[in-house]
Amino acid sequence: MKSGTYIKRTNRPLQLYAVLFLIALYVPVLFLPLFSFNDSIYVKFPLKGFTLQWYIELIDREPVWASLMNSIKVGVTTSIIATGFGIFAAKAITRYRLPGRGPVVGFIMLPLVVPGIIFGVALLVLLSQLGVRLSLYTVTMGHIIVCLPFAIATLIPRFEGFDKSVEEASADLGENAWWTFWRVTFPMVFPGILASLLLTFTVSFDEFIMAFFLSGTDATLPMYIWSQLRFPQSFPSILAMASIILLVSFILVFLGQWINRGAQSGSLESE
Amino acid sequence: MTKNNAFISFQNVNKFFGKFQAINDVSLDIDHGEFFSLLGSSGCGKTTLLRMLAGFEGVSSGEIYIDGQPMSGVPPHHRPVNMVFQNYAIFPHLNVRDNIAYGLRKQKLSRTKRYEMVDEMLELIKLPEYGDRKATQLSGGQRQRIALARALILKPKVLLLDEPLGALDKQLREQMQLELRALQKTVGITFVFVTHDQEEALTLSDRIAVMSEGCDLQVDTPTRLYENPVSRKVASFIGTMNFFDGTVMSIKDGNAVLKVDGLGEVSAPAGTVPLLAGNTVSVAIRPEKFLLSNKKPAGAQCSVKGQLNNAAYLGERSHYYVSIEGVPQPVAVSAQNRDRAKEAEGQSRPVWLSWDSTAIVVLKDV
């Protein structure tokens, strides 16, 4: 390592910084699983003992399952629609001469930086003006807005990552735009699509503010968690649930990143 | 229908990208079965012309005909042409076999028939047994052959090649040139080939169009392009050329007598350019048409004395640079080293240059 090239030298201070950064980021989060296995309803040190009681209790609760199903329904629908829109948007942005491309991309990415509470209130006002009843559909709508920038940000590098002459080659070999999309573009961006589905599902699944403003009588999982925070005796179970969500979210996002890692990793048979 | 019976015909084609004129009133005809090259430096419009033929760029005005059919408004996937792209544009998600079979979908063939055709193609491009390889595992030369096979399997009327040999190293390129030429003879398809490499164009083509700044300067066979260029631009683009300023003294029986700076009074074939006595002209002579000698040659038609001031030894031949009084640039002379070259050959000394009158090309632009 001592004889490394200039650019690849190891840099001790930077390594230390990276380690401290990760600790600051994740240690607070790690308290959740830690206390979810603690044999006490009070979240405080010292730890009492190991138990799976809170996880078992979770399984027996009816509303947990109902809200979980709601969240999955909303998440799946959101991820499919947001990714679908994202594909068209990313193709348009990367492939066609678009007047005012910069501002258009900026506006699409805006929900990333505009506070969710503003979008939530705005949509709530709009929907109540239109007389739309709040339901899981309105939550899904809000989530699509939140997730679209994530989908596009994931897909654009994929579309930019391959040479547009392969699309020209397909046209040259006799395929029209539709078939070119399905035989060339789609398989080549497919890892990006999978990654986008996983990421947008995760974002939707964990989203609280939009759901809070836009849901009717059916609660999503984050809303159920929030409603249970008032009851001290159910708190350890919430910790258990949060731990599970954390683990699943982490796996999904990690999987998405892994699928989308290389530009040429997608190899699919064209039969 | 076209006015003539050329297989491909560009008629007064113009192309603008915004205000920039990429193609300037190009009209040229390509015959059936011809190996036709578009030659020019980068930015001369040769690739644009090819992409217009393929349908990737529209014409701003004028019309392109292929086999008698006007091509305006015909999208790429309906044109009877196939293209080999500069970077080959191999589909990275497909294996070699599926790459080659890509264009066969519409023909609704059975899988066996399709694979039979692919195997035939693999045989033709000398890559049998490669069908199951991933396209990403191939070398540059192999990709180039796959791109060729993928286009040729559709039996196009015209094959377009956009600098397909540019990315290959010298040895492989020379081998592929021979193979390409042989392949074209075998399949009998019209090839339109874009290149900036004049040697490549001269080796491969039946005819070449030399392009510059969106115009076609001369369309001719390799031999005529080299021996009888019509303008200074073409003469200096193809190979090396020495230019002298001169004036026409008289014309008699297809021979011109010229007064040339530095060379004195010389006679030359008047050629195809209409000349009048009193015209100022450029007189061009190729380096290898000069004969270099240490003494005044006895039998030569024309000769001039000069001072050798530089020489470059290139193995099978040497380049000499001779300054002649009255000529601003040193004259380039190339000679085969038929006798063993000696170290002293390059020494500065007085020499004589001689040439045959037929070696002189008279160009009207100065």
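The buried residues of α5(B) are B:Met176, B:Leu180 and B:Gln184. Here a residue counts as buried if 20 or more other C-beta atoms lie within 10 Å of its own, as exposed if 12 or fewer do, and as partly exposed in between, with C-beta atoms placed from the backbone. Looking down the axis of α5(B), you will find its buried residues within an arc of 70°, so they line one face of the helix. That arc is taken from the directions that lead from the helix axis to the C-beta atoms. In general, an α-helix has 3.6 residues a turn, so residues three or four places apart point the same way.

Before going on, please keep in mind that this is a predicted model: local features need pLDDT of at least 70 and side-chain atom pairs count only at pLDDT 80 or more, while totals for chains, interfaces and linings use all residues. Residues are numbered from 1 along each chain as its sequence is written, and chains are lettered from A and ligands numbered from 1 in the order in which they are written.

Now back to the helix. What lies on the other side of α5(B)? There, B:Gln171, B:Leu178, B:Ala182, B:Lys185 and B:Thr186 are exposed. Helix α5 of chain B covers residues 170-187, and its 18 residues should span 26 Å at 1.5 Å a residue; the end C-alpha atoms are 25 Å apart, which agrees. The expected span is 1.5 Å times one less than the number of residues. Helices (H or I, at least four residues) and strands (E, at least two) are DSSP runs, numbered from the N terminus. Just after α5(B) comes B:Gly188, with a positive phi of about 65°.

Which elements do the buried residues of α5(B) pack against? They pack against β3 (35-39), α4 (140-152), β8 (190-195) and α6 (198-204) of chain B. Let us follow β3(B), where 5 of its 5 residues are buried. Both of its faces are covered, with B:Phe35, B:Ser37 and B:Leu39 on one side and B:Phe36 and B:Leu38 on the other. Strand β3(B) runs parallel to β8(B), joined by 5 bridges, and parallel to β9(B) (residues 207-212), joined by 4 bridges. Two strands pair if DSSP finds at least two bridges between them. B:Leu38 has a bridge partner in each: B:Val194 in β8(B) and B:Ala209 in β9(B).

Another helix to find is α1(B), residues 46-54: 9 of its 9 residues are buried, so it is largely enclosed by the rest of the structure. Among them are B:Lys46 and B:Arg51. B:Gly55 follows α1(B), and its phi is positive, near 100°.

Next, look at B:Phe290, in the loop between β14 (280-285) and β15 (291-293) of chain B. B:Phe290 is buried, with 25 other C-beta atoms within 10 Å. Beyond its neighbours within four places in sequence, B:Phe290 is in contact (C-beta atoms, placed from the backbone, within 7 Å) with B:Ile285, B:Val333, B:Leu353 and B:Trp355.

Finally, step back to the whole chain. Chain B is divided into domain 1 (8-235) and domain 2 (240-363), with bounds from an automatic or database domain assignment. Their contact takes 5 residues from domain 1 of chain B and 7 residues from domain 2 of chain B. The C-alpha centres of the two domains lie 39 Å apart. Chain B also meets its partner: 21 residues of chain B are in contact with 19 residues of chain A.

Key:
Contact = placed C-beta atoms within 7 Å.
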